[in-house]
Amino acid sequence: MSAPLHVEVIQKRQSRASKEYIKEIVHSYLTNFVSLTPGASIGSHEFEDNVELKENVQCITFCDVEHESDLAMTECELLYHIYTLDNFGAETDTMTDAASGEELAAADVWALPTEEFHGLWESLVYDSKLKEDTLRFVETAFEFADRGVDSNVIAWNRVVLLHGPPGTGKTSLCRALAQKLAIRLGDRFPRARLLEINAHGLFSKWFSESGKLVAKLFDRIREIVEDRRLLACILVDEVESLAHARRAALAGLEPSDSIRAVNAILTQLDRLKRHPNALVLTTSNVTGAIDVAFVDRADIKRRVGPPSERAAYEILRGCCGELMARGVVAPREQLFALRVLEAARFAETEGSRASLALWAAARASASAGCSGRALRRLPFLARALHTRGEPSLAAFIDALLAALQQQLADTRALEDDTRGPP
């Protein structure tokens, strides 16, 4: 028996069926398959004459964390996760600055799983096992808590730190991880929340009352984590702001109140580890600026860099697939996975020509150091500036290369203007 295959099933919001019933009808449907493809999804439009599935199920996804190739149905151990998607979006928690009377946004709070983050995990592509490692880390942290492992003997804080240049998907990965955990741990935590805090905004505005406001913010977080049946993921973007504020205060450049606020946050993070249902996710764009005291608290620290040529190819392949599915690029043609091209030693045939052209575009973007954010913008720029009508796949890939060259030229011009005349 191979490693388990996680099957995520989105139940339609109007469905009143029990999770057990949904599991039964999905399993019955899947027994008709000879093999299952990890990473693939089946939408409700593909359920044909299965009335029960059409009425109750929106989508079935086979997760790809543990597997890279198709699995025989008879050899699969299927683990089902049945859930519905919240469609209310984020709610903003606000606080009042006593000094100015200004109403300030303290955090955005998401009920998970949410429609906003659906498909985000699958869209993120990395060369390393970054997604798999972060997911296993968190699952292990909750396993230790469940088994009563003494944290005085074996230390873990449930704190994740992702660092690297802007635009590489750090915040997206944190959001996707929180969504994935809400799905995977749904039996243990029937409710889940993501609290998104902007540390940069916290310290740029709140020096006058920062200590009190930090206390209020974490009082709110503690209220949430008191519900042990609720999973609370706290996301702190730009955590290097903590280090900047503390160094500036020590150098006499900022009010001493700011260092008290920073120390208060570090203390509050220490207190959160007492709650087995709390997870802290943090990001940083400036690795060298992160406070050493905070770095020491992070259990897992991973750099997220620009996409390599392999990751760039899979990202662009996914983008082209989406545009072909929506009819923006027509007709629909096959783009081979990179492992297929490698197995064929990148031999050019009629069927592989488009894939090889896309591989050339991916290599060019990786060589230029394009961020993931810039890479995902290229298809839009290609469509807007370099194509008309419904381009063929070959014409669209040519447009991608043109858009890349234009973006690089625009970036160089902007850098020249920033530097000024010699």
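I count Ala, Val, Leu, Ile, Met, Phe, Trp, Tyr, Cys and Pro as nonpolar, Asp, Glu, Lys and Arg as charged, and the others, Gly among them, as polar. The model I am working on is predicted.

**Entry: second largest pocket**

I sorted the lining of the second largest pocket by class and got eleven nonpolar, 13 polar and eight charged residues. I then looked up its volume, which is about 530 Å³. The lining has 32 residues, and Gly167, Thr168, Gly169, Lys170 and Val304 are the closest to the pocket centre.

Why does this pocket lie between domain 2 and domain 3? I checked who lines it: domain 2 (91-303) and domain 3 (309-416) both give residues, so the pocket sits between them.

Next I went through the helices. H3 (120-123), H5, H11 (309-325) and H14 (372-386) each supply at least two lining residues. H5 has the largest share, with four.

**Entry: helix H5**

I followed H5 along its length.

**Entry: largest nonpolar core**

I listed the largest nonpolar core and found 32 residues. Leu112, Leu181, Leu194 and Leu281 touch the most other members. Elements that give two or more residues include strands E8 (103-112), E9 (159-163) and E10 (191-198), along with helix H4 (130-146). Which element gives the most to this core? I found H5, with seven residues.

Technical notes
Residues numbered from 1 in each chain as written. Predicted model: local features only at pLDDT ≥ 70, side-chain atom pairs only at ≥ 80, totals over all residues. Heavy atoms only, no water. 1 Å grid on protein atoms, 1.4 Å probe; cavity = no way out; pocket = protein on both sides within 12 Å on 5 of 7 lines; lining within 4 Å. Points joined across faces, edges and corners; volume = space filled by probe spheres on them. Domains from an automatic or database assignment. Core = buried A, V, L, I, M, F, W, Y, C linked by side-chain atoms within 4.5 Å. Buried < 20%, exposed > 50% of the residue type's maximum accessible area, 1.4 Å probe, protein only.
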